Amino acid sequence: MSPQAYLDFAVQAALVLLSLSFVITVARVIKGPTLPDRVLALDLLVAAAIGFIAVLGIKTGYTLYIDIAIALGLVGFLATVAF
């Protein structure tokens, strides 16, 4: 099996796992009994979005996605601290 096939499999597996974590986190945002639960879930949504962007950057080879993921991480951190 070629290295490209391993990379393609890893990218697809990462996207599936990130999608699953995204769905579970959205359920926690909706259901979360307290405000801290919802804030933590929103922080996890930002982390999942960063993961999506990073995996798409690897998949497409477009390195600007990595810079966008870093910027989103900084904004997400500030939003969590603000809440």
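Which helix does Ile-24 lie in? Ile-24 lies in helix α1. This is a predicted model, where local features need pLDDT of at least 70, side-chain atom pairs count only at pLDDT 80 or more, and totals for chains, interfaces and linings use all residues. Residues are numbered from 1 along each chain as its sequence is written, and side-chain values use heavy atoms, leaving out hydrogens and water.

**Helix α1**
- Helices are DSSP runs (H or I, at least four residues), numbered from the N terminus.
- Helix α1 covers residues 3–31, and its end C-alpha atoms are 42 Å apart.
- Val-11, Leu-15, Leu-18 and Thr-25 of α1 are buried. Buried means under 20% relative accessible area, exposed over 50%, and partly exposed in between (1.4 Å probe, protein chains only).
- Ile-24 has a relative accessible area of 54%, so Ile-24 is exposed.

**Aromatic pairs**
- The whole structure holds two aromatic pairs. Rings of Phe, Tyr and Trp (its six-membered ring) pair if their centres lie within 6.5 Å; planes under 30 degrees apart count as stacked, over 60 as edge-to-face and the rest as tilted.
- Phe-22 and Phe-52 are edge-to-face, because their ring centres are 6.3 Å apart and their planes stand at 80°.
- Phe-22 is in α1 and Phe-52 in α2, so the pair ties together parts 30 residues apart in sequence.
- Tyr-62 and Tyr-65 also pair edge-to-face, at 5.6 Å centre to centre and 80° between the planes.

**The loop**
- Gly-61 sits in the loop between α2 (35–60) and α3 (64–82).
- Gly-61 counts as exposed because its relative accessibility is 55%.

Technical notes: Helix = DSSP H or I, 4+ residues; strand = E, 2+ residues; numbered from the N terminus. Expected span 1.5 Å × (residues − 1).
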